[in-house]
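Keep the structure open beside you and follow along as we go.

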Amino acid sequence: MKRSLLAAALVTFGGATWAETPTLTVYTYDSFVSDWGPGPAVEAAFEETCGCDLVFVGAGDGAALLARLKLEGARTKADVVLGLDTSLIANAKATEMFAPHNGIPAGLDLPIEWSDDVFLPYDWGYFAFVYDKTLLPNPPASFTALLDSDVSIIIQDPRSSTPGLGLLLWVKEVYGDDAAKAWETLSPRIITVTKGWSEAYGMFLENEADMVLSYTTSPAYHLIAEEDDTKAAAIFDEGHYMQIEVAAKVAGSKQEQLADAFFDFMMSDTFQSIIPTTNWMYPAILPSDGLPEGFIAESTPQKALLIAIDDVEAIREEALAEWLSALSQ
Amino acid sequence: MDIKLEKLLIKQTDFSLRADLTIKDGTTAIIGPSGGGKSTLLLAIAGFVAPSKGSISIGGDVVTDTPPAQRPVTLLFQENNLFPHLTVFQNTGLGVRPDLKLSKTQIDQVEDALNKVGLADMGSRHPSELSGGQRQRVALARALLRDRPILMLDEPFAALGPALRHEMLDLVARIRQEQDSTLLLVTHNPEDALRIAENTILVADGTAMTPQPTAALLNNPPPALAAYLGK
Amino acid sequence: MVIRPQSMNPVARWSGLAALLFVVLLVAGPLVALWLRASTPSILTSSDWAAVRFTLFQATLSASLSVVLAIPVARALARRSFHGRSILVTLLGAPFLLPVIVAIFGLLAIWGRSGFVSQILLSIGAERLNIYGLSGVLLAHVFFNLPLVTRLILQGWTRIPVEHFRLSAQLGMSPKDLFLRLELPMLRSILPGAFLLVFLLCVTSFAVALTLGGGPKATTVELAIYQALRFEFDLGKAAYLALIQFVICTIIAVWSLRIAVPVAFGGGLSGVVQRWDVSSKLLLWQDSAVLLAVAGFLGAPLIAVLGRGLPALSNLPASIWTAILNSLTVALFSAALSVLLALALAGFIDGLKSRRPKVSFVVEGVGLLTLAASPFVLGTGLFIIIHPIADPFALALPITALVNAAISLPLALRALLPALQHNRLAYGQLSDSLDMQGWSRFRLTTWPTIRKPLGFSTGLAAALSMGDLGVITLFAPPDVETLPLIMYRLMGAYRMDEAASVALILVALTLTLFWLFDRGGRLGHQT
């Protein structure tokens, strides 16, 4: 039973009586804790074994999550932060608020090598433009083709959304010094730029544009949850920028052991098999049963792109300035 | 000019009024308890309230469906006779031309009218700078300019003191005589009726009765009027 | 005439000062907190200044357009009585109360590239509509604010005494004369206040400007603040930008308060004065066309929201019930607070009017400023202040209610102040002479005259609070979901259909809440 706002307030005031069971507080992004997100299943599964109370706190999207943590500083209630992505890691590391994990488990199924000693990936995906096969029979097969086409797209703002930032880095990685020119060419076909992923994807589903910036795994949602096979992700020859979602332990947490237990659980078969059909991303370690049917091989990029974590900050600033000036003309 | 109300029935949400009578030249007072329909009767003659049944004719012409501006009538209200953002001169000038594009002679006419009501130097003032009596004088000046055969007053001096009220009534009587118009006057004060009205209509119990000579009516009041007068 | 000022009732003075202090602290406190926490001195870039320019530009344009378009609508409503008129007047309350994201999707269903209008255009072989850009921003802002301005102007029309219309009819004024002599002076007194209100509401626009603006060209100050807070964690810059926003709004507010008479909300919307200047066929056609157009313009997106939300209604998780309960709780608390604040402040301002008119003017201006406050700055600043000294989760309810109350305060103030002033002018001396003081004075003379605007502003505050997503996100304890929060979380999890259903519930509840309070204020009143 969910507590009401008032009850929650009372409980926090009289919290001492509840101290019997230890509580592990995990800050994450909003969609993780929604009823159809991974949150409820993960919470139930972990509480079965941990003898604890697992509390997810939803804090907007990934960027808002980091901002929240910075605001709270050393006084934060978070024991674990789950849901930052590769473009935020450098920024997050600079806060020195995080503690190293106990080691990278063997058998990570990522297209790249992972070596970070603080942030541990729990799932990942490729950014991609998603389209409707019935409305767009011949999608562009590369960025070059997209630039030359008259296909309309909706993207997210890199200043307020992580996928938007992902696209910014993607274009920079593909075009380098010519990124500004690429944006200028693309500009007339950008129907609009939204605040976050949800608005963009919602508008795409209402047919406001031919394609939307999302993930290669998005069509799997429609196929599995809605039995709708009309959506597909366009695979580009230049390769696809990756989003790797990571978790980290907060330094100075009083629940260090529980946090470690949660990290072990996070890399377990149970957690990893919840991810694909709730978070609609690839699990960091393939579950023993493999990927559910519907995670189609045809939408697997041949080449994974990712800017080294420590270079992201500098490149982001330059790319953002280019983006702003190209799209403001 | 005669006003003839034939089998008139006015229905409003909470009451109805019947009238079947003729108002002759000269001055006629309308008297009766409040809420009885005195004002409604004037509004109907002026064309602001449409009757459900019957007809209204003025000077022999049926005007039941004539718009207010085309009836030979000027009606003065209890209050709000002036536009607060227009000057006294402008408010008066509306009686000549509603778009206030006045010629030289028309301007003289307006000044003349203001003179007659004793407001000669007040033309540039706004209504908020006038006393209650002065405001109604402006309205009278405008009525003068409109020069319609029928002038109707809906208790316009009710808020004034006795001396001022008498003064104003005398002014109205003078104007009526000058213009030879028919004057119709709602009042709750029998004294006023006696002062200037030859005939009086009693409006009570949803009916407007036939006009009677004022003195006779007041000296020998029917039960409804007796109750109102407290006799 | 000089009225000897009575000394102000101590309750009015102290509660007024407390309310004033609260508003000032609420607006200034977060700015100071952000500044103190800022680590680096911040510099505004050229793109920040471009955002300032665009914000001013779009807010000015949106406000002008809303005001100009509202005039014929209010005029037609004021002089025509017809079946469904009261429904249309109620409909006028709806767009303003819609959560922004819901309204955007409603508008896109009609005006979008695959919307209703585009479908018609395509079927006759024309190009599809593309509203993205300035036109989209204006479309949405007019959708939100035209009804609000219409209600304000309609109010002005009903304040014109019926005798004036009769007088005009008797004098044979043409519709044009009547407009110049009667309606224009009224409009001149009302429009500056209405313009100001819409301008302030549009300044803090964020999602509308970005989503429908078509790209970074349409960056508002509010987006720059969001970026500074969320991505760059540049608290100083956020505070700087918020300050600029305040300064701009203050200048505009002072300017328009100087030339405006107070604009009142609520009350007196149902009566139609019989008119004699409007019988011509042409005018009838003109008014009918205007009313049909506005009914379609406002109604169609609402119907789209309804239609979009129905299919998945039965599919919603059980947690929707607790979310409904939470949302209602926050809305009711915040409405109660907003009205208490507004009453205290309005009483104070009104008391100052006769003694220190200039001071009262400043206090009135301060009461408007929370409209220009950035919800992000407010939320973040409060969080910085509160987090070290208390558990933000524990204070979620009072904080959310307080902030929402402060944000709807200007609207409540606008509704209550004219009523209080009228009350003082009409009955102040009578009450003084009868030595009616304190509670009995309030109960017997003030309450009956203000209950209508009070009901209206309570409804407005409750409704606005229902759709809020600004502050609750930072303070909401885990497990506590409000309707807007649940809607966003569903959208984030691909569940667009379910999100649309939550939006439908949210809109239905919001409008019901508003309607109940608004109507409650009118009960027992002849209107």
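A nonpolar core here is a set of buried Ala, Val, Leu, Ile, Met, Phe, Trp, Tyr and Cys residues joined through C-beta atoms within 7 Å. A residue counts as buried if 20 or more other C-beta atoms lie within 10 Å of its own, as exposed if 12 or fewer do, and as partly exposed in between, with C-beta atoms placed from the backbone. Please bear in mind that this is a predicted model, in which local features need pLDDT of at least 70, side-chain atom pairs count only at pLDDT 80 or more, and totals for chains, interfaces and linings use all residues. Residues are numbered from 1 along each chain as its sequence is written, while chains are lettered from A and ligands numbered from 1 in the order in which they are written.

With that in hand, start at the largest nonpolar core, which has 269 residues; A:Val81, A:Val212, C:Ile225 and C:Leu416 touch the most other members. Its largest share, 18 residues, comes from α17(C). Helices (H or I, at least four residues) and strands (E, at least two) are DSSP runs, numbered from the N terminus. Now zoom in on A:Val81: leaving aside neighbours within four places in sequence, this residue is in contact with A:Tyr27, A:Leu65, A:Leu69, A:Ala247, A:Ala248 and A:Val250. Being in contact means that the C-beta atoms of two residues, placed from the backbone, lie within 7 Å. A second, separate core of 65 residues includes B:Ile3, B:Phe77, B:Leu183 and B:Leu218.

Next, how do the chains meet? Of the two pairs of chains in contact, chains A and C share the most contacts. Their contact takes 53 residues from chain C and 50 residues from chain A. On the chain C side, α5 (100–111), α10 (207–213), α11 (221–230), α14 (319–355), α16, α17 and α20 are the elements that give two or more residues. Sorted by class, this side of chain C has 31 nonpolar, 15 polar and seven charged residues. For these classes, Ala, Val, Leu, Ile, Met, Phe, Trp, Tyr, Cys and Pro count as nonpolar, Asp, Glu, Lys and Arg as charged, and the others, Gly among them, as polar.

Chain B also meets chain C, in a contact that takes 14 residues from chain C and 17 residues from chain B. Here α8 (162–171) and α9 (175–203) are the elements of chain C that give two or more residues, and α8(C) gives the most, with seven residues. The side of chain C that touches chain B has seven nonpolar, three polar and four charged residues. By contrast, no contact joins chain A and chain B, whose closest C-alpha atoms lie 49 Å apart.

Chain C itself deserves a longer look. This chain has 21 helices and zero strands, and buried residues make up 54% of its 527 residues. Among its contacts with a separation of 6 or more, residues 24 or more positions apart account for 85%. Chain C is divided into domain 1 (1–37 + 317–527) and domain 2 (44–304), with bounds that come from an automatic or database domain assignment. Between the two, 35 residues of domain 1 are in contact with 36 residues of domain 2. The domain 1 side of chain C has 24 nonpolar, seven polar and four charged residues.

Is helix α20 (residues 483–492) of chain C mostly covered or mostly open? The helix is mostly covered, with 10 of its 10 residues buried; among them are C:Leu483, C:Tyr488 and C:Arg489. Just after α20(C), C:Tyr494 takes a positive phi of about 70°.

Finally, turn to chain B, whose domain assignment gives domain 1 (1–72 + 149–231) and domain 2 (82–147). Taken over C-alpha atoms, the centres of these domains are separated by 25 Å. In chain B, 11 residues of domain 1 are in contact with nine residues of domain 2. Helix α5 (residues 162–179) of chain B supplies the largest share of the domain 1 side, six residues. That side has 10 nonpolar, one polar and no charged residues.
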